[in-house]
Amino acid sequence: MRITLKIWRQKDRNSEGRLVAYELSNVSPDMSFLEMLDMLNLGLARKGEDTVAFDHDCREGICGSCGLYINGRAHGPLGGVATCQLHMRSFRDGDTIVVEPWRARPFPVIKDLVVDRSTFDRIITAGGFISVRTGGAPDANTIPVPKPVAEEAFEAAACIGCGACVAACKNASAMLFVAAKVSQLALLPQGHAERKERVLKMVAQMDSEGFGYCSNTYACEAECPKQISVSYIARLNREYLRAKL
Amino acid sequence: MNLSEFFHSSFVNRHSSINGMDKPASLYQSSVGQKVLVALTGLFLCTFLVVHLSGNLLLFKQDGGRAFDGYSEFMSTNLGIRFMEFVLAAGFLGHILLGIRVWMYNRRCRPESYVMSRPSQNSSLAARVMFVTGSVVFVFLVVHLKTFFVPSRFAGNIKPSMYRLVSTAFADPVYAGFYLVSLALMGYHLRHGFQSAFQTLGLRPHRRTLIDYVAMIFWLFIPAGFAAMPVYFLWAAHWARAR
């Protein structure tokens, strides 16, 4: 395949960025998107040019490190996959692909396609700990959790914190991320003790980091690689109002 | 807080203190709280639409407007109704000002926009243009009040017949056309707004619920009911001329 890439290049946080075009031939349809970028970087390194910086780690859709805005969509044209799970067979020979970093005030660009997502870490930290007695391992099933509740908590816990929800939202809102993180603990008995305090603190942290407000466009759900439902946002609103009123 | 501060709340230090965060009064300061207030005022305005439409259906009674004039006389003199007018005005004002505030805040959350963005692939147009549709409804509201509310309340002793006022206004194709476009956009505003309000209030556990069907009353049937009025009088005027 022949592919023309238009990639956002930005030297650092304070520099102006711009799209730079690169021509690639011999792209295999079986390559992952990140392998295609590796190939580009190898070529750039051989020519002694500055390689394109992008985040990646596990490359199997579970770490949440990778995240690129590809042709106007978070994680590219497919639904339910992270950028690393996108393959070149999803594009056509001769395509031009525009690659940009996540754009949001709370996600400043560090270099090229890499953004600083430590705002997410601070939201998690604000949530605090759960109260568990340490000591000997308890017997299995000493705390009964109904199967549907466990399933719902688990689906929320599938959030990998990649930031696609923020990237896709027209308001750069982090509601789906916070909703998933609040729900996974609020649903389980172990998370009940600090339930109210946790939701208030996490929402307060989210607000102070400068994320936008939720307009319920549901773009986040459509772009989430883990397909986390916006019904968790309704749950977050419920949890918040219960804690507040 | 002055008006400028109201619309330009700063990002930082708004929540620097966790103390007092659990007080209901501080609801207004949080993102979720502000959206809840937009939702509640919006739903309040929806209840007004039901009352307004049901009363105005008297326009269709074939009695030369006697029933409708009696109804508007009651509405402009009853003390309870006059009191509710102030509550309604507060509801409109709250919804509009909070809506503008939320919109202005959200615009600042992505200072650098994407070179290429395809929002139509992941969200509905109705959800993304709430500010635009809301603004048109606001202009409509001002024109509407100027045509009907102001003469009926501030005309002094010589009160015009409301029925005649309505039938004359809607006989003008331009005016009637403006109503139809505005009502269509109000329906589009409610297409997203009604179900979105329930989502914000945490009362929408699944994507497809009863709320989505009730919403149809508000985004389809109620605007259509209102739209029937200019259509009816436009047609009546045309018929009268043709004879």
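This note goes through some features of chains A and B in a predicted model.

1. In this predicted model, local features need pLDDT of at least 70 and side-chain atom pairs count only at pLDDT 80 or more, while totals for chains, interfaces and linings use all residues. Residues are numbered from 1 along each chain as its sequence is written, chains are lettered from A and ligands numbered from 1 in the order in which they are written, and side-chain values use heavy atoms, with hydrogens and water left out.

2. Chain A holds an open sheet of five strands in the order β2-β1-β5-β3-β4, with mixed pairing, where strands are DSSP runs of E with at least two residues, helices are runs of H or I with at least four, both numbered from the N terminus, and two strands pair if DSSP finds at least two bridges between them. The edge strands, each pairing on one side only, are β2 (18-24) and β4 (73-74) of chain A.

3. Strand β1 (residues 3-9) of chain A runs parallel to β5 (residues 96-100) of chain A, and four bridges join them; in β5(A), A:Ile97 is the bridge partner of A:Leu5.

4. Chain B, in turn, has nine helices and zero strands. Of its 243 residues, 40% are buried, meaning under 20% relative accessible area, whereas exposed means over 50% and partly exposed lies in between (1.4 Å probe, protein chains only).

5. B:Phe221 is found in helix α9 (residues 210-242) of chain B, and B:Phe221 counts as exposed because its relative accessibility is 51%.
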